[in-house]
Structure formats: structure tokens, C-alpha cells
Amino acid sequence: MKGLVFDISEGTIHDGPGLRTTVFLKGCPLRCKWCHSPEGQGRTPEILHLPGAGERLCGVEWDADALGEHLAELAALCGEAGGVTFSGGEPMLQPEFLLEVLTRLTGVHTVVETSGFCDGDALLRVDAMVSRIHYGLKIVDDAAAEFWTGRGTRLILENLRKLDAEGRAEYNLRLPLIAGAVDTPENLRALEALSHTLRRCRRIDFLPANPLAPAKYAACGREFSPECRDCVTGHIPSWFRPAVPWSILD
Amino acid sequence: MLSDRLQKMRENTRERFYNRGRIAPLDEADVDLTGMSPCQAAAELFVRRCRREVPTVFPGEKFCFTRSQGKIKYPKTRIENLSADWELLLEQGVAGRLAVAREKLAAAPPGSETADFLAASIRMLEAALELAERYAAAAEAAGEPAVADLLRRVPRHPARTFHEALQSLFFMFSMFHLSGVTLQGWGRMDQYLEPFYRRDLASGRLTRSEAGELLAEFFIFANRENDAYGMIQQGDDGESLMLGGCRRDGSSAVNDLTLLILETSCDVSMINPKINLRVDSHTPEEILRAGIRLTGRGLGFPQYCNDEVVIPALIDFGYPLEDARDYTVAACWEFVVGNGRDIPNNMAVNLALAADRAIRWGLREHAAFDEILSRVAPEIRGQIKMPEPTLLPNPLFSAFSGECLERGRDLHFGGGDHLHFGCHGCGSSTAADSLAAVKKWVYDKKEVSPEELLRALEGDYRDAEPLRRKLQDSPKTGNHDPETDRYLKFVFDAFAGELKKLGRNKFGGRIRPGTGSAQFYVKMTQGEYRLHLGSTADGRRDGEFISSSLAPAPGVRANGIFSILKTYGTLDYNKLCNGGPITLEFSPAYFRTPEATEKTVGVLRAFVASGCQQIQMNVLDRETLLDAQAHPERHRDLIVRVWGWSGYFVELDKAYQDQIIGRTAYGG
């Protein structure tokens, strides 16, 4: 079975425990205005025009067996603490491919990062195969989510509850802390309230905004969203007290 | 954290405060040495230099010796890239070595070479003691009685305490330099100093933090003579020391001093001493963490050596097992084994040039690709010849090297057990990439004709930009690609095979092949040189650099750090015992927080697990380097790894600065 991958990063330190290899699967149903991987959104290979460095084909078709084997080989160098992380794009857009790669990685610590905008049953099947899920819920309010990410939040919350009730892998919430979008008092209050209704969520991690994001849009022949022009990291107020520990990652 | 006093001393060292009294050195041409034997001449010159030194004592300092004479003109055949047997000094003192020399001299036939060597050695040892006594007197006159007492005790007598041991080492290290030794190493410091450290802590003479403070001061002292000791560039002055690894019996050699030295080096954060750390699958996590914390300081060290690969390679070459386990490094990365006088950086082969000549020949002759490959070894052969140097003696250094005194022979005249020569294999990634490009475009796809490529190479790709881009789109070393891995292994096998064929020379020496490049990445690519590399078939233009030691070619961004480790893990290091590190640059993100640093320890585990031999992990922030080039005054203390040594970026020639700026840093 074939799948589309747009990058493989070796030796990553921000995508889960230990030293990892992160695989970026191409294609995403969301269009977050702050997205720092616009080249990962489209579901087909595309050519990037990099200033000063010519053109680069973004999106390589991998056979699931070959990718699984390649990742298992790299994972052998990651040590017991580390492993493999699947990110994107949205890896849950290619669930069958993802599942087939995961069958090659038994005994390896695996993380899947998802926005939650995906087929809920597929998510549970992936959950059964991985060590951890980073659930990328961003904005709790349906209309605000629609505005900032291009998708409402109904399916995402529904899947979160399903994962919380029926899943087995540990999971964390992981949110990009975008000023003005994610750090609003309304969103943080909603997140707080939501956290008290979850039974299995281990923690909430905020990711800093990526100031280099805008530069990538030109390479894809697109324009960075003006609402998000500054793309700065937001703040967490002192009143924020969710039911689980939280932190801002480096 | 350094105390205010040490902070000031560090600052003064960078300001060259201690070098203000420099006087002109006494060189060979200034002394009449006619009619003297080489040993007598070495002794005469050293004695005169000692007398020319003006003892200078600075108030409040715990150690003593500041060189008065500036950089001397070094003879080509000096002793360099070695560490003295510091245990001999600490256990016997200069007086102990003098007693051995005198006893042997009494038994030697008058007028014999042995008598000549021993008499010279005695003269030099006595001159060193005389200078120590003048230092003691100067300390007394300066109102520093404790320092005066210290100098009357060591280096003459065996050291009794940690403090005495450090002073004894520093004084004799400085004496060896004055005798013309360069690129000296400190050897396995956590081994020979450990008994003193342990005893002082047990008896309550020192606390751990007081020992750390003494070490820190000693390390700052080791930076005082940068200007007098630097060779090709400032900072290329040896002062490497080795930590960790195993003992001669194979058991772990790691101890608390290993850790203290790593921690102290972090606090001092100067270019000397350059730290090397021996690691294996069983190295304690605590030691690796301390190593990575030091790496994160951005000093370009520690350099890590994988005992599981190094020791078998040394045994395979023919060194005795116990000596192989006791290895240290020369000034840069070359593995040095005791009881001998190897010259580990004697020669260099331009592997990229050998591949390029084979390729151009093949294109001209319309040869098959395999014929090009079989042409590589003869091209390597054409670059080398057996070294037969005329070596000058150093009876002072010989007194602290193996059994030279006991045998009555200078180290350079057969006083050691072995005298092998090291050869660097340079430009390996460019060689492999060029072969891969030719194979892909000329032989497999047949999209480029031999004539077209030959013309482009001879015209340095002028008017051939599309072709050059095409060639760049080929498999690259560092991606663990089967094609380039095969050629990389092939060129190193050919290299090792040709060196082996040279056999032994008059010293009984053989050639040790290595994977380092030393200064040759500049020498072989910039300006006139016998082995100058023009444009190459991987799309590299004349004048562009090759990589430093083992690394993807400049401008190549490999898949990532694991692919690079897997690539270099495929080499047959049993044939490559001279050393030469993977040179890998990391973005500062890997070290920004304690959590990140902890994860980065995994890189070392991966390095060992992938079967690589040696690695330099450097922190590289390109923007900072560019700013330092434009505004050197703002970056006076910015330290970078150059090849096997670290230097202050702003003190380097531009070519060396540019090569570093062109390296690729891998992100976290």
C-alpha cells in the first residue's frame, strides 16, 4: 500500500519522549491560518520554489512496508526512550497506510499527532497500535474554530470523547499557542472546562508559535494569512487551572 | 561557576595580559652548535633557552610558569602530537629520572651514542630544575612563600598532592615546549591524577569544590601561551586530553575526576585543554550527560571516541592489547598508543583528486565504469611515498617517554617500541559523490556524454550550469544510500590497501590510514598545492571546499543525523586506525533546555550503536558566525571547532571561517 510523505526528520527532540524520527504525512483537511507547514496541506505532490535553492519536489510516495522498515532501522538508533512520531499534514487522512506502517513498528515507541478531524473508528484502530497520541485540538468554540482553521469543532470534540472513553494509548492535548486565536480568555476557559470532563487526558502542552512560518508560503506560491501576520506566541493567564498539568514546550 | 579571581584571570588571559613581557626567542641560528652531536646540540639550545627565561610571578596565583620567549622557529623534525608519560613525572619526579640517567651513564661505554644521549638528557633535566629554582626564588621575592615552597618540591620530587601534581605537570609541559616539542597532549588526565585526587579528598586536604577550583585555574593557565604554541592557525596548539574509557585490564576507567574535569571545562569555557571522551555501550549515563552539557557550551569538544571500534582497530594494526586499551589522542584525533614515537599526521592523500583523475581518464578513454573504479587505487598510489624523515633527538622529552632512559636511546633513535606514520584520507565524500554522479548520468541514464562532462570539468562548468545542476541531483554521501556508501567504502579500502603495500621503512614503521583531513580541506582546494583539486563530477566548482574529515560534502543537506551515522557506520575501521572524526553540526535547539540536552545524549548512544569510530559534535549558529565575520569586536570569545581543535573564530584566517560558515547544521 502506498502513502504520501513530505518529510522525514531524524533526531527530533520536540515530538515526544527521547530522540525520535518524525514522519510528516502529506495532506490536511484543516487550513489553520498560522500553519507552519503549508507544503503539507495538499494531498498531492507539489513543487516548491525555494529562493536561492531552486526547486524541490515536496511529497514522495512510499510503500508502507518500505517506510516501516526504514523507520524501524532508524528507531534502532533512537534508544529505548525515543521512537517514531507521525505528524503532518494530518496522518489520519491516510489511516490504512498509517496502520500498515505501524504494524512494522512493534516494540518501538510511537506517537501519532492528529487534529482529531478524522474518522473516529479509524482513530480508535490507530490508538490500539500506538504508544501515545498528541491530540491537536486548537479551538473549542465551533464558530471560532471554523474561522481560524477552516473546520468546525464538532467532529473533533466527538472524536476526543470517543478516544477518552474507548482508547487505550496515553494521550495529551497539544495546542499551538497562537496569540489572539488560541490564547483568548474564551478559548482557555472552554479548554479548562473541557479538561474537567476528560478522564484519561494526561496533560496539556502548548507549542510556541513558529516565527518562520510566513516565509514558507512564498515557496508554495501562496500568501500568508493577514489575520495571523505576526504569528507570535500567546500568554497563559494565571487563572488558567485545567484538570491536568500543563506547560509551554520549548 | 568561576570565582571572581579566576574570572579575572580568564579575562586577563584573553587580553594577553600575561604575554606583555614577551622577549625574542632564542633560535637555532642564534647559537653556535658546530661540532656538537645532535643530542648535545638539543641540550645546548635548551639550556640557553632556559637561562633566557625571566621568571615572572603574578600575585595570588596558585601555579607558576609564564613563558617569556615568544614563538620559536620549530625544526621540521621536532617531537609533536605526543603526550609524555605523565605518570613517570608524577611518580618519580625529575630527580628520579635524573637518577636513572646517571646510573645508566655510569655503565655506558664512554663516547658511545648511549652516553651521548644520557649526558644530554641529564643536562636538560638539570636545566629544567635550575629554572624551577629561579622561579622559587622569584616567588619568594614576590612575597609568595607558598608558591616558592611548591616550586622547590616539584617538578624535582614525586608529587604528593593534587596541587603538586598539577604544578609539576604544568612546569614540565612548559619545559617540553621550550625544548621545541609542539602540539603536546595531556594524555589520560583522569587516570594519572585520580590517585592524588582521591587521597586529598580522603585525608580532608581538599574538598571536591576546592579540587575543581585548582583544576579551573590550571585550565586557564593552559590558555596562557596560545600565541606561542599555535601552529597552522591560532588555537592549533594541541593540549588535548583524554577522559573515560577502560583501564589496561579492560575494566571501566571512569571515576569522579572524569566528571569533575568535564564540569570544570564547562565552567572555564576556553579553547584549552581540548577534551576527548572515550565512550562505549556501557558508559554511565551521568558521564554522557556531562559530555553533552559540555558539547552544548559550543566549544567544539568533547570529541567522542568509540572504544568498541577504536581498540579493535589498534589491535588489528599490531599494537599490544593492553597498550591499545590505554590509547589517548594526539593534538587532534589521531589515536596514540604508548611506548612509541608514532608520527600520526605525517602525510595526506587527496581521495577526491584520485577519484577525479580516474574519472577524467575514463571519460577520455571511453572506459567502462568498473575500469574507472580500478583506476582509483593507482591514482592514490601516485600520491604517496614512504616517509623516511631525518629525525632530531629530544633527550628531555625522551626522559619521560616509555623506557628511553632505561634503554639509553632517544625516542627518535629507536628508544620506543614503534615508529609508525599516519596518513589522512581527505575529501572522501566528494570522491564518492563524484563517482555516483558519473555512474548515474554517464553510465546508467546515459543522458550525459563522456565528452560533454569532460569538457565541463576542464572548463570548470563555465557555460554548463544546467549540466552542473543535473550532476548535483545524484546520490549523496551521508544519506546512507547504497550507491554512495559503496563508493565511500571503496575509496577507503583502496586507500588502506595502497598504504599497506608500502610495507615498512627504515624505522620499522608502517602507515596508519585515517579518515581525518586536518588543514587539507583548505590546502587542497584554495590556491597552489601539489594535490590541488579542480572542479569535480559531483558539480563542485574549482575553489569550493571539501568537507572537514568525515562529513557530507559542503552544500549537501543529508537526510539527517541518523543517516549520516549509518553511512559512516558502514566503513571498515579496522583498516583505518589513525582516526578522523565525523564532523556534525547541530543547531542550538539541541542544547537549549536541560530536557533537550538529556535527549541529545541519545545521539551519542546512536553513534556507538551504529559502529562509528569518532565524532565531533559542534553547535553551529550560522547567523552568529556571519555577524562575527562582520563585527569581530563583538564576538571576541566566540569559539568554533576548526578541524581537530577549537579556536577563537575571530582569530582565524578567512578561508577557515568561510569553510565553517558553509557547514550544514542539523535542526532538532
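Predicted model: local features only at pLDDT ≥ 70, side-chain atom pairs only at ≥ 80, totals over all residues.
Helix α16 (residues 369–381) and helix α22 (residues 482–501) of chain B pack with their axes 9 Å apart, at an angle of about 40°. Since angles under 35 degrees count as roughly parallel and the range from 65 to 115 as roughly perpendicular, α16(B) is therefore oblique to α22(B). As for handedness, α16(B) and α22(B) make a right-handed crossing. On the α16(B) side, the touching residues are B:L373, B:V376, B:A377, B:I380 and B:R381, while α22(B) brings in B:F490, B:V491, B:A494, B:F495, B:G497 and B:E498. Sorted by class, that contact of α16(B) with α22(B) comes to eight nonpolar, one polar and two charged residues.

Next up is helix α20 (residues 450–458) of chain B, where B:L453, B:A456 and B:L457 are buried. Looking down the axis of α20(B), these buried residues fall within an arc of 100°, so they line one face of the helix. What do they pack against? Just after α20(B) comes B:D460, with a positive phi of about 50°.

Finally, there is the contact between the chains, to which chain A gives 17 residues and chain B gives 20 residues. On the chain A side, strand β1 (residues 2–12) supplies the largest share, five residues. By class, the side of chain A that touches chain B is made up of seven nonpolar, eight polar and two charged residues.

Technical notes:
Residues numbered from 1 in each chain as written. Chains lettered and ligands numbered in written order. Axes fitted to C-alpha atoms, helices over the stretch in contact; angles between N-to-C directions. Helix = DSSP H or I, 4+ residues; strand = E, 2+ residues; numbered from the N terminus. Parallel < 35°, antiparallel > 145°, perpendicular 65-115°, else oblique. Left-handed = near helix turned anticlockwise from the far one by under 90°. Contact = placed C-beta atoms within 7 Å. Nonpolar A, V, L, I, M, F, W, Y, C, P; charged D, E, K, R; others polar. Buried ≥ 20, exposed ≤ 12 C-beta atoms within 10 Å, placed from the backbone. Arc of directions from axis to C-beta.
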